[in-house]
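Here is a briefing on one protein chain. Please look over the model first, then read the points below.

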Amino acid sequence: EFELLQSGNQLKAVVRKAAVNERVKALSEGFVAALGLIARGSDLVEGQGLASATLAVARGASLQGVNWVPFAALSANRERLESGSHVDSSGFAVVAGIAKGFTVGSVRLAIGPFFEYGHGSYDTYNSFAASPAVHGDGRANYAGGGALARLELPHGPGALHFELSGRIGRLRNEYHSADLTSLTGIAASYDYSGTYYGYHFGAGYLWRASAKTSLDLSAKYFWTRQEGKEATLATGEKASFDAAESSRLRLGARLARDFSDKARVYVGAAWERELAGEARAYYWGLPVKAPSLKGDAGIGEVGVTLSPTDGGAFSLDFGVQGYVGQRRGATGSLRLQFEF
């Protein structure tokens, strides 16, 4: 905004206020989409990844024996993230590694390194009260690695359990919007790569109600960080993104039932709270309104674990998770394990 001032026979335009057009917020939605992708990767590590490592212990690994067990897990998802506007995304993630179990008395520990990879595509939608809507799209992928661990301590009719994982890697993200253009008609787009890292920890109690039925109660915390980046748009303009973090707390319960020595069915429910999830950005040094993933989500799941071979040398687990609230959609996950 300018103010015109007269000085003799001259007119001077003095800048009194400068702000970014509200539609520029759409650029930050691509950053939020990438943060959601790597956060889903932590769910796979914590879920099916740790389940494989724990199964290594159950198959009889000990301090005296060498029993490294390869494991792999795959998930595919489609979901909507509410960010003030919203982001529709779909993708897949895979984690693979080796795990070893240790037993000291009745205490059991499973540890292992892993590699991870994820890929996703997304569409962003922003609507404004006084400006035209903006649609954007993009794709992102990440690759990295880390380590995980789970400790089980017998207690009463069940066992206390504690878990931990850490991960680090590189992310690449590409964003494009034909609705944001320069005066010469060039569409806004950017392409950047950067570092991500994170961890999770949790605790719970697995209560064995009977020889075939168990109830697992747990509390878990997830933290993921995507490093900030300065990106040059295809239009030649500068956009700067602050580091973005996802900080989630999850409380859940899972009921499992063995129908035979080769088949187990489970159902579960959880409440999740996103405590952070903001993507702050600056356009030519001016702040842009930040999209945010803060809010609550409800999670429901159902799955089956099969060990079709005698002795359990091969097993698989297939599960489906559904989300409502701040996250809406579904994820399917598959775990494969071979022991030798």
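What does the accessible surface of the chain come to, and what share belongs to carbon and sulfur atoms? The accessible surface is about 15,900 Å², and 61% of that belongs to carbon and sulfur atoms. Accessible areas come from the Shrake-Rupley method with a 1.4 Å probe; for residues, only the protein chains shown count as cover.

This is a predicted model: local features need pLDDT of at least 70, side-chain atom pairs count only at pLDDT 80 or more, and totals for chains, interfaces and linings use all residues. Residues are numbered from 1 along each chain as its sequence is written, and side-chain values use heavy atoms, with hydrogens and water left out.

**Overall build**

- The chain has 1 helix and 18 strands. Helices (H or I, at least four residues) and strands (E, at least two) are DSSP runs, numbered from the N terminus.
- Along the principal axes, the C-alpha atoms fill a box of roughly 95 × 35 × 30 Å.
- Of the 340 residues, 46% count as buried. Buried means under 20% relative accessible area, exposed over 50%, and partly exposed in between (1.4 Å probe, protein chains only).
- Take contacts (heavy atoms within 4.5 Å) between residues at least 6 apart in sequence: 65% join residues at least 24 apart.

**Charges and salt bridges**

- The chain carries 35 positive and 33 negative charges, and their mean positions are 3 Å apart. Lys and Arg count as positive, Asp and Glu as negative; His and the chain ends are not counted. The place of a charge is taken as NZ of Lys, CZ of Arg, CG of Asp or CD of Glu.
- The structure holds 28 salt bridges. A salt bridge is a side-chain nitrogen of Lys or Arg within 4 Å of a carboxyl oxygen of Asp or Glu.
- Arginine 248 pairs with aspartate 43, with the closest N and O atoms 3.0 Å apart. Arginine 248 lies in strand S12 (residues 244–260) and aspartate 43 in helix H1, so the pair ties together parts 205 residues apart in sequence. Both arginine 248 and aspartate 43 are buried.
- Arginine 250 forms a salt bridge with glutamate 272; the closest N and O atoms are 2.8 Å apart. Strand S12 holds arginine 250 and strand S13 (residues 263–274) holds glutamate 272, so this pair links parts 22 residues apart in sequence. Both arginine 250 and glutamate 272 are buried.
- Aspartate 258 bridges to arginine 264 at 2.6 Å between the closest N and O atoms. Aspartate 258 is buried, at 18% relative accessible area. Arginine 264 is partly exposed, at 31%.

**Helix H1**

- Serine 42 sits in helix H1 (residues 26–58). Serine 42 is buried, because its relative accessibility is 7%.
- Leaving aside neighbours within four places in sequence, serine 42 contacts Arg167, Phe222, Thr224 and Arg248.

**Surface patch**

- Leu74, Phe92, Leu255, Val267, Val302, Phe318, Val320, Leu334 and Leu336 form a nonpolar surface patch, with about 680 Å² of accessible area together. Strands S17 (314–325) and S18 (327–338) are the elements that give two or more residues to it.
- Patches are made of residues with over 30% relative accessible area and no salt bridge; like charges are joined within 9 Å, nonpolar side chains (Val, Leu, Ile, Met, Phe, Trp, Tyr) within 5 Å.
- Phenylalanine 318 lies in strand S17. Phenylalanine 318 is partly exposed, at 42% relative accessible area.

**Loop residue**

- Glycine 84 is in the loop between strand S3 (69–82) and strand S4 (86–104). Glycine 84 is exposed, at 75% relative accessible area.
- Beyond neighbours within four places in sequence, glycine 84 contacts Lys25 and Ser292.
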